[in-house]
Amino acid sequence: MNKTLLLILLLGSPFSFAEKPQQAGIASAHPLATAAGHEMLAQGGNAFDAAIAISATLAVVEQQSSGIGGGGFWLLHRAQDGKNIMIDGRETAPAAAHRDMYLDENGDVNRDLMLYGPMAAAIPGEIAGFAHIADHYGKLPLKQSLQPAIRAAEDGFKVYPRLVKHINNKQKVLARYPSSKAIYLPQGQPLKVGDILVQKDLAETLKRVAEKGPEGFYEGETAEKLVAAVKANGGIWTLDDLKNYQVKERAVITTNYQGQQLITAPPPSSGGIALATMLNILQPWDLATMAQADRVHLVTEAMRRAYRDRSLYLGDPDFVSIPTQRLTHPYYAAGLRAAINPDKALPSEYLPGVGDSPKGENTTHFSVIDAEGNLVAATLTVNTGLASGFIAEGTGVLLNNEMDDFSAKRGVPNAYGLTGGEANQIEAGKRPLSSMTPTFVVGDDGVAVLGTPGGSRIITMVMLGILDYFDGHDVKSWVTKPRYHHQYLPDALSSEKGTFDADTLKALKAKGHTVKVYDGQWGNMHAVHWDKKTGEVNAASDPRTETGSAVVK
Ligand code: DON
């Protein structure tokens, strides 16, 4: 026998799982999306076909969170050869974008321009992502995997409270544009819970993609309508911007924690690197046996340091050189750990180098494990709830406001209170830095697939879910557990209500933390777990929102 082959047989590949799960599990933010995924599996598709159907259906029924006018990251594991890869369908800045495009004559950032209307929108990547996944990983044609989404757009779906809340919040912006008004404010009034929302234009746009592939969106009728609508409303997109959009395959970030392997999102997401830094810092500590205040203190100090590095070093890897190896190296983490005082918080301003984030459900995450052991963790977004508020006339496409994920000016916080510098400044064709962190945790005994929306808090929410997994809790617990967060600046430890008891709060304050407890709830986590010992698959959806849907078949 060939020596290399023998070696592989003896050692096995750390990436390939020998067994297959006995069931398929899907957890997403809406029952129609979860059902669309299972429909593809029943038609002979794999997890990747399911991911396209789920993403496309969410683009119809959960537009406050993601859509074909936006983009995202799909983390894939292919069971057959053990390949792990991230499909980067992140939006790109149009060619006419430049560093100072949102500064007014006084040099102040024009927040309205950066968040609302077509100037806020980067070139969408979602459809290019679908096509790439179908061509390279799926078994079914797009024509088939887009059917459930087309159905949902044509037949309509029942409007639910979370969508109504976002429409109410964005009513003034939506009312600026007749095309947005027609969908969300019919007869001048916001949609109500129980109304049926039919989206004929969106159905036609999806059908063009089903027929023609990505050219049905990036060229021809759809592209012309998109550009005409953007221009008529003061935007800067061109037909070339759409035609030149390119989806990218990115090598994943891998790191080890407590003997298991983490596979997670590389740049232009900041999530994987920050997660690796934080877990490397925490590695030697026995968090499970610590008093809550001691544990939260150490986890918070790890968060603070990883988020400082985020604002200093991270951006689109096609534009800036990122010291990934250093930031994810255990020795680098050891240096950071050595400077953590177990009894005292370090003010962020004492860290060498460089504002409150809203709660997070305006992005979407779903997790899939199929019966073959293929995995998908996908986090997709249009950025803030209902995005730019601008539907391009005649297309049904709600455009993203992802330009706000760039740093418009050094030190000026974005919608999530994140600040940044040169690495994430606006440049033509560049991808804005993201926090979206779709992640797999792979061990001998099982596989976890998880992620969540939540702006800057995504990374810490994913880490808290992972720590809960390592504490031995089940998938329901990962998505339910109360959440806390630190992002370097603003220098505050924030939490959901009820996360800490009075004694812990007191102890954290005594260690020097400024603790801010928020009324609202954060995130919308959807996770799947495959227990390799029993072959069982379990899925769970965040109880914080009403439409989560976790189904194992
Ligand atoms: O890519 C990012 O990091 C953001 N655009 C995600 C936005 C988000 O999670 C909104 N939910 N609160």
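Which residue in β6 is the bridge partner of M86? In this predicted model, in which local features need pLDDT of at least 70, side-chain atom pairs count only at pLDDT 80 or more, and totals for chains, interfaces and linings use all residues, the bridge partner of M86 is R250 in β6. Residues are numbered from 1 along each chain as its sequence is written, and side-chain values use heavy atoms, with hydrogens and water left out.

**The seven-stranded sheet**

- An open, antiparallel sheet is built from 7 strands in the order β6-β3-β2-β10-β9-β1-β20, where strands (E, at least two residues) and helices (H or I, at least four) are DSSP runs numbered from the N terminus, and two strands pair if DSSP finds at least two bridges between them.
- Because β6 (248-250) and β20 (549-552) each have a single partner strand, they stand at the edges, and one side of each is left without a neighbour in the sheet.
- On average, neighbouring strands of this sheet are turned by 10 degrees against each other, direction ignored, with axes taken as lines fitted to C-alpha atoms (for helices over the stretch in contact) and angles running from 0 to 180 degrees between N-to-C directions.
- Strand β3 (residues 83-89) is joined to β6 by 3 bridges, and the two run antiparallel.

**Helices on the sheet**

- Helix α3 (residues 47-61) lies across β1 (25-28), β2 (71-78), β9 (363-369) and β10 (375-381), running at about 155 degrees to β9; contact here means heavy atoms within 4.5 Å.
- Helix α5 (residues 126-136) also packs on the sheet, where it touches β2, β3, β6 and β10, and its direction makes about 15 degrees with that of β2.

**The ligand site**

- Around the ligand there are 18 residues, of which T363, E402, D405, S434 and S435 come nearest, a residue being near if one of its heavy atoms lies within 4 Å.
- Among the polar contacts (pairs of N or O atoms within 3.5 Å), a side-chain N or O atom of T363 is 2.8 Å from a ligand oxygen atom, and one of S434 is 2.7 Å from a ligand oxygen atom.
- A polar side-chain atom of D405 lies 2.5 Å from a nitrogen atom of the ligand.
- Of the 350 Å² of accessible area that the ligand has on its own, the protein covers 99%, as computed by the Shrake-Rupley method with a 1.4 Å probe.

Definitions and conventions. A polar contact is a pair of N or O atoms within 3.5 Å; within protein, one must be able to donate a hydrogen and the other to accept it, and residues adjacent in sequence count only if both atoms are side-chain atoms.
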